[in-house]
Amino acid sequence: MKKFLAGLFVVGSLLTTGCVKSPVAGFAYTDIKDGMAVTGNAGSSKVGTAEIKGYVGLVALGDASIQTAAREAGITRIHHVDYQMKSYVGVYTIYTIIVYGD
Amino acid sequence: MTDQRQPGCQPGCQPGCQPKGLIGRRIGLQIGLQIGRRIGRWIGLQIGRWIGLQIGRRIGWRSLSVVFCCVGTLLTVSGQEIRSHYVSKAEADGTIYHTFPVTLFENSEAGDLTFDITYKEHREGRATLNFTCRMANADAVDSVRFESGGIVMAGPVARIYLEPEKRGWKHRYTFDLDASRLCGFFDERQQPEVTLYISGVPWIYRVKRSAWRSYAPIGYRIFEMIRVNELR
């Protein structure tokens, strides 16, 4: 039982950190920002965010689509998209999409 | 905007009136809330205690406490810095700053109010505050008033979207404000409040004290940093 629980914890944590698009991710602690997409539209005056939260690698909830993030700020022309990811030992994970545009 | 009628009043009633059944509904709501909270807390405690005991027996209290200490330390350290609460991007026409959404205000009937702030340099000191609230119906908010101590930021709002949910409607609005007042607004000693006006009827959102005490210094430091950077 002890091995099963430990295995479950490790697999869950790895699954959580494994969803990071960045080539670098930490098992114990992750706090990264990275670029996701750039368009040819000029400048940005609005920023919208959307996020997903994960718990113990077992439960993940949220909507981190670019469309949702853009809608939160009323963005109709996207300039570029970034994302950031935080993970604390895989126990608590936040994945945030950040959309810049007009 | 100065109409002080209670939420739920019928159109045409006088300021200060108590709509029929409102007092009873509020008392019922409060009693229900208290009972629900206590039952929920007790159940949560029992489940938490049982899970803690089971995990503690199987994994061992020493290793478990080490994991919790690590997570606690990381959360505390990251909570004290402002870097995790905003993003900034240098662009050709000035740097754009954005604070992540934060929930600091609540209304006992309507629920929480979540807001985020975007500021771009060289735009005559104007910032954009977007906020989300939930209402029982789709009546649009006309204007908003953020007040903290002597600092008042008020004005009309523009609707971003309204979306039906399981219960009621999710409202999302944007509001243009003077960014120079934001440093003064984020004063942890104050008890700020937000008032939404729907057809002239005020809906008051009170501050969540503990959330405000932890976030106000961060908000202050973010907008102080923006001010200093723009002066350069």
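In chain A, strand β2 (residues 46-55) and strand β5 (residues 92-101) run antiparallel to each other, joined over 10 bridges. Here two strands count as paired if DSSP finds at least two bridges between them. Within this pair, A:Glu51 stands opposite A:Thr96 in β5(A).

Before going on, a word on the model: it is predicted, with local features needing pLDDT of at least 70, side-chain atom pairs counting only at pLDDT 80 or more, and totals for chains, interfaces and linings using all residues. Residues are numbered from 1 along each chain as its sequence is written, while chains are lettered from A and ligands numbered from 1 in the order in which they are written.

## The sheet and its helix

Chain A holds an open sheet of 5 strands, ordered β1-β4-β5-β2-β3, with antiparallel pairing. At its edges lie β1 (29-38) and β3 (59-62) of chain A, each pairing on one side only. On average, neighbouring strands are turned by 15° against each other, direction ignored.

Helix α2 (residues 66-73) of chain A packs on this sheet and touches β2, β4 (78-88) and β5 of chain A; its direction makes about 130° with that of β2(A). Axes are lines fitted to C-alpha atoms, for helices over the stretch in contact, and angles run from 0 to 180 degrees between N-to-C directions.

## The chain as a whole

You will find 2 helices and 5 strands in chain A, running α-β-β-β-α-β-β from the N terminus. These are DSSP runs, numbered from the N terminus: helices are H or I with at least four residues, strands E with at least two.

Of the contacts in chain A with a separation of 6 or more, 65% join residues 24 or more positions apart; a contact has C-beta atoms, placed from the backbone, within 7 Å.

Technical notes: Two residues are in contact if their C-beta atoms, placed from the backbone, lie within 7 Å.
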